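The structure comes first, then the details.

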Amino acid sequence: MSSRFSVFALFGALAVMTVSACGQGTAGQARIPAADDGAGPAPSSSAPAPDRGVDPCSLLDPADRSTAGLNVLGVAKEINGARACDWTVPATFGVTITVDERNGLADLEVARKTATKTKVGGRDALKVADKKAADGTCAVLLGMGEKASVQIDVSNTNFTDTPLACERAVTVAGLAEPKLP
């Protein structure tokens with residue numbers, strides 16, 4: 001099974017999983033394999049790959065959570081074999097941070113028209129949002145060496161206001177980035 005995913009599929013699955021999880025109080029996230037769409041490889045960081053010790057729930061301390069508007073504790077989970085942490089603010093938004101220690105930015109497939117190259121701290125990153133879909137979802141993908149990445153996914157509960165979702169994702173990425181190896 002390929003570990004590459006399509007951001008369009010990610011947003012669709014995220015929306016479906018969030019809706020299905022609403023009664024359970026947690027938002028979902030999915031990494032979905034997809035065929036190559038010709039987007040080409042994403043930039044990657046030159047930092048060395050981390051050891052297996054990155055705990056996604058420890059990337060946001062209480063002050064960080066307050067800054068990000070997260071008044072709940074994170075729930076550890078696994079997504080497609082990668083460690084993740086999920087924070088869901090009922091009736092507002094959810095954040096999932098996934099630490100993928102097998103796939104760097106160059107290994108992740110994103111549609112070129114939805115991705116913007118950026119930097120978070122000194123790391124190469126991609127901000128991914130489908131502005132046409134205007135579905136209230138946004139992701140920031142951080143490079144963590146050649147073979148690792150951290151993915152911050154935000155989904156607004158009402159599936160509207162994609163710019164707000166991106167603002168939240170960029171904020172969380174900025175808070176988590178200094179704690180990465």
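In this predicted model, Cys57 and Cys85 form a disulfide, with an S to S distance of 2.0 Å. The torsion about their S-S bond is about 100 degrees, so the disulfide is right-handed. Distant parts of the chain are linked here: Cys57 sits in the loop between helix 1 (7-21) and helix 2 (62-68), and Cys85 in strand 2, 28 residues apart. Cys57 is partly exposed, at 21% relative accessible area. Cys85 is buried, at 0%.

The structure holds 2 disulfides. Cys138 pairs with Cys166. Because Cys138 lies in strand 6 and Cys166 in helix 3, this pair ties together parts 28 residues apart in sequence. Both Cys138 and Cys166 are buried. Their S-S torsion is about 100 degrees, so this disulfide is right-handed. In sequence order, the bonded cysteines pair 1-2, 3-4.

| Disulfide | S to S distance |
|---|---|
| Cys57 to Cys85 | 2.0 Å |
| Cys138 to Cys166 | 2.2 Å |

The largest nonpolar core has 31 residues. Leu70, Val95, Ile97, Leu142, Val150 and Ile152 have the most contacts inside it. Strand 2 (82-89), strand 3 (93-100), strand 6 (137-143), strand 7 (149-156) and helix 3 (162-176) each supply at least two residues of this core. The largest share, 7 residues, comes from helix 3.

Take Ile97. Beyond its neighbours within four places in sequence, its contacts include Pro56, Leu59, Leu60, Cys85, Trp87, Val150, Ile152 and Val172. A second, separate core has 7 residues, among them Leu105, Leu108, Ala139 and Leu141.

Notes
Residues numbered from 1 in each chain as written. Predicted model: local features only at pLDDT ≥ 70, side-chain atom pairs only at ≥ 80, totals over all residues. Heavy atoms only, no water. Core = buried A, V, L, I, M, F, W, Y, C linked by side-chain atoms within 4.5 Å. Buried < 20%, exposed > 50% of the residue type's maximum accessible area, 1.4 Å probe, protein only. Helix = DSSP H or I, 4+ residues; strand = E, 2+ residues; numbered from the N terminus. Contact = heavy atoms within 4.5 Å. Disulfide = S-S within 2.5 Å.
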